[in-house]
There are 2 protein chains.
Amino acid sequence: MGASLKDVAQLAGVSVKTVSNVVNNYPHVTPAMRERVQRAIDQLGYRPNLTARHLRKGRTGIIALAVPELGNPYFAELAGAVIDAAARHDYTVLLDHTAGLREKEVLVSHGFRAHVIDGLILSPIELETSDLLARPGDAPLVLLGEREYDAPYDHIAIDNVAAARTAVRHLSGLGRQRIAFLGARREMARQPAHLRLRGWREELAAAGLPHDETLVAATDGYGRWDGAAAMNALLDRGARPDAVFAYNDLMALGAMRALVERGLRVPQDVSVVGFDDVEEGRFSTIALTTVSPDKQSIARLAVERVVARLTGAPQLEPERIRPGYTLVARESTAPRTA
Amino acid sequence: MGASLKDVAQLAGVSVKTVSNVVNNYPHVTPAMRERVQRAIDQLGYRPNLTARHLRKGRTGIIALAVPELGNPYFAELAGAVIDAAARHDYTVLLDHTAGLREKEVLVSHGFRAHVIDGLILSPIELETSDLLARPGDAPLVLLGEREYDAPYDHIAIDNVAAARTAVRHLSGLGRQRIAFLGARREMARQPAHLRLRGWREELAAAGLPHDETLVAATDGYGRWDGAAAMNALLDRGARPDAVFAYNDLMALGAMRALVERGLRVPQDVSVVGFDDVEEGRFSTIALTTVSPDKQSIARLAVERVVARLTGAPQLEPERIRPGYTLVARESTAPRTA
DNA sequence: CTGAAAGCGCTTACAG
DNA sequence: CTGAAAGCGCTTACAG
């Protein structure tokens with residue numbers, strides 16, 4: 001294979017230490033020496049073996065990121081932001097997806113590629129607190145998303161209850177009275193939509209609107225299909241919402257599609273609000289109103305947190321960090337003009 | 001930090017070789033011995049240091065994947081498929097994005113994380129053949145996408161000319177006569193859309209349709225915005241296409257949005273065909289007709305090729321592999337009913 | 001400012 | 001079936 005430090009040292013007639021000094025740009029190497037070594041490096045096409053460096057230093061410069069699904073543009077966009085944030089700190093990103101399955105999430109959080117990754121950023125769906133407490137190893141772990149845990153890990157997520165209330169308030173402010181929620185989970189034990197659902201309930205109460213649980217549609221997943229299916233199920237059982245707040249943009253988009261297919265007009269007959277602000281929503285034929293979490297901040301904070309624990313501040317108190325969000329009003333909730 | 005093989009060996013009162021045998025599930029270890037070692041492993045919470053293993057074996061089990069942009073769902077979906085395909089071969093995926101910039105593509109192809117990744121799958125946009133020929137190192141590299149290179153590397157891509165012709169034929173078969181092409185590149189030196197553009201020209205000729213270069217709209221990028229801008233530019237300069245074939249789905253979606261905003265109806269006034277078959281197109285208010293490359297096959301073939309070169313068949317002839325594709329007709333090209 | 005040597009934690013011929 | 005020892009390619013005290 002390739003040449004080693006030793007080969008270079010031999011050719012240049014110096015010790016490996018000197019070559020190492022040159023490769024790592026240490027000061028205190030005479031220009032002449034540097035020149036001589038560099039020539040040997042070029043001649044041999046030497047490239048440092050990073051694996052050896054990793055073994056020696058106990059660090060790899062690799063952070064793992066595990067999201068439920070890359071097919072959901074929210075996570076794809078987030079992954080891109082994490083890659084950029086990591087690059088700014090000279091880290092690269094190993095990516096995995098869990099399909100939101102507890103088993104896979106446990107696997108990933110419990111020492112995925114031990115010693116190969118320096119830290120992990122995980123966006124869990126089904127993971128339980130007990131899984132986290134049983135986690136071996138001490139690689140930094142940062143949690144993302146709206147699941148809540150009673151475990152000593154950094155957790156970065158916007159205030160989902162407040163954000164959901166903002167969305168519902170936007171709808172009630174438009175005069176909407178029968179506001180449906182799309183995306184509760186059928187199996188209530190693990191309820192990822194927990195906080196957004198709570199926000200919906202709280203804001204309904206605050207607005208003095210009747211709290212109608214028949215306007216809650218349960219789903220198994222969180223994709224476009226699920227949104228369309230939930231919307232159809234709601235309509236099929238006779239519910240007549242004049243507004244829909246969906247768990248995420250994908251479901252909102254699916255719901256809009258279902259509404260239009262049934263001859264209902266958006267926003268005239270039914271206003272729709274999503275969550276995530278994926279680019280697709282800005283360009284759909286009826287541009288989607290949505291809660292927009294600050295993805296750049298989320299990515300940046302997650303990486304910074306991992307890096308901080310890796311360099312100098314390992315004993316940082318685990319923290320709950322809340323990035324900002326905004327409500328972006330678009331066509332799907334345009335005020336009635338007719 | 002964690003315990004090492006030596007610690008385990010000491011506690012169990014055996015040699016490191018024996019512990020290694022147990023850890024690696026080698027046969028020929030007596031059950032009693034295995035039991036004893038396992039107890040020591042559990043007691044110490046021992047976890048093998050993969051970095052050391054990598055140094056020793058010269059393999060890391062990590063494949064890098066570099067795509068232009070995760071914000072484009074085609075690449076996000078492809079990345080997901082690559083991760084799954086890699087997992088089936090016990091590889092994990094290091095993900096990077098290049099923004100389609102030559103500089104970044106060169107950086108990535110020339111020894112991104114030398115010795116840390118066993119191989120690389122790259123989907124280039126601006127990369128040149130000369131960059132590839134100057135590539136140092138011998139880690140397997142598999143190219144994806146429609147750029148063509150005269151370099152000794154595996155290249156996996158559908159037949160873009162034929163696929164583009166299929167799309168245009170679909171449109172001409174519908175009676176469309178003024179079929180625009182969206183997504184040529186302004187700077188012609190590097191023309192990623194080269195093949196699809198050629199397919200458009202060839203099929204126009206075959207269908208006996210006039211070859212009108214004013215129906216070609218140039219763009220700088222390949223996103224939704226670019227599609228909308230290109231469509232608007234075309235219309236603004238007086239072109240009156242009755243059909244649009246876009247470089248990809250994102251641009252087609254942007255174009256549809258622009259058409260609708262100008263009061264043109266899709267598909268009645270203008271039929272639209274995209275390329276990629278991203279899930280979003282299936283769910284847009286006007287479901288998008290598109291050329292659907294077999295992403296699963298692309299991902300699988302790319303990973304298999306890298307793995308084959310890594311295990312046993314390093315001297316494989318570089319090959320041009322053409323996965324399949326289909327045209328999926330949806331609402332955006334529904335036959336005129338009125 | 002440079003050199004000789006130990007060691008990071010594994011795996012693997014080589015013996016026995 | 002198991003043990004003692006070398007070595008993967010680096011970095012880093014320790015001398016000088």
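**Entry 1: DNA strand D.** I began with the surface near DNA strand D, to which α4(A) gives the most, five residues. I took a residue as near a strand if its C-beta atom, placed from the backbone, lies within 6 Å of it. This is a predicted model, in which local features need pLDDT of at least 70 and side-chain atom pairs count only at pLDDT 80 or more, while totals for chains, interfaces and linings use all residues. Residues are numbered from 1 along each chain as its sequence is written, and chains are lettered from A and ligands numbered from 1 in the order in which they are written.

I found 26 residues around DNA strand D, the closest being A:Leu5, A:Asn49, A:Ala52, B:Ser15 and B:His28. Two or more residues each come from α2 and α4 of chain A and from α2 and α4 of chain B. Helices (H or I, at least four residues) and strands (E, at least two) are DSSP runs, numbered from the N terminus. I sorted this surface into twelve nonpolar, eight polar and six charged residues. Here Ala, Val, Leu, Ile, Met, Phe, Trp, Tyr, Cys and Pro count as nonpolar, Asp, Glu, Lys and Arg as charged, and the others, Gly among them, as polar.

**Entry 2: DNA strand C.** I then looked up DNA strand C, which 26 residues surround, with A:Ser15, A:His28, B:Leu5, B:Asn49 and B:Ala52 the closest. The elements giving two or more residues are α2 (16-23) and α4 (50-57) in chain A, and α2 (16-23) and α4 (50-57) in chain B. The largest share, five residues, is that of α4(B).

**Entry 3: the contact of chains A and B.** I counted 43 residues from chain A and 43 residues from chain B in the contact, with residues in contact if their C-beta atoms, placed from the backbone, lie within 7 Å. On the side of chain A, two or more residues come from each of α4, α5 (73-88), β2 (92-97), α11 (249-261) and α12 (279-283). That side holds 19 nonpolar, 16 polar and eight charged residues. I noted that 100% of the interface residues of chain A are also interface residues in chain B, so the copies meet through the same surface.

β2(A) and β2 (residues 92-97) of chain B run antiparallel and are joined by three bridges; strands pair if DSSP finds at least two bridges between them. In this pairing A:Val93 stands opposite B:Leu95.

**Entry 4: symmetry.** I found that a rotation of 180 degrees with 0.0 Å of shift along its axis superposes chain A on chain B, RMSD 0.0 Å. The two copies are thus related as by a two-fold rotation axis. The C-alpha of A:Leu94, 2.1 Å from the axis, is the nearest to it in chain A. The superposition is by least squares on the C-alpha atoms of residues with pLDDT of at least 70 in both copies.

**Entry 5: chain A as a whole.** I recorded 13 helices and twelve strands in chain A. Its C-alpha atoms fill a box of roughly 85 × 40 × 30 Å along the principal axes.

**Entry 6: backbone details.** I noted a cis peptide bond from A:Val266 to A:Pro267, with omega near 10 degrees. A:Pro267 sits in the loop between α11 and β9 (271-275) of chain A. A:Asp277, in the loop between β9 and α12 of chain A, has phi near 55 degrees, a positive value in a residue other than glycine.

Methods. Two residues are in contact if their C-beta atoms, placed from the backbone, lie within 7 Å.
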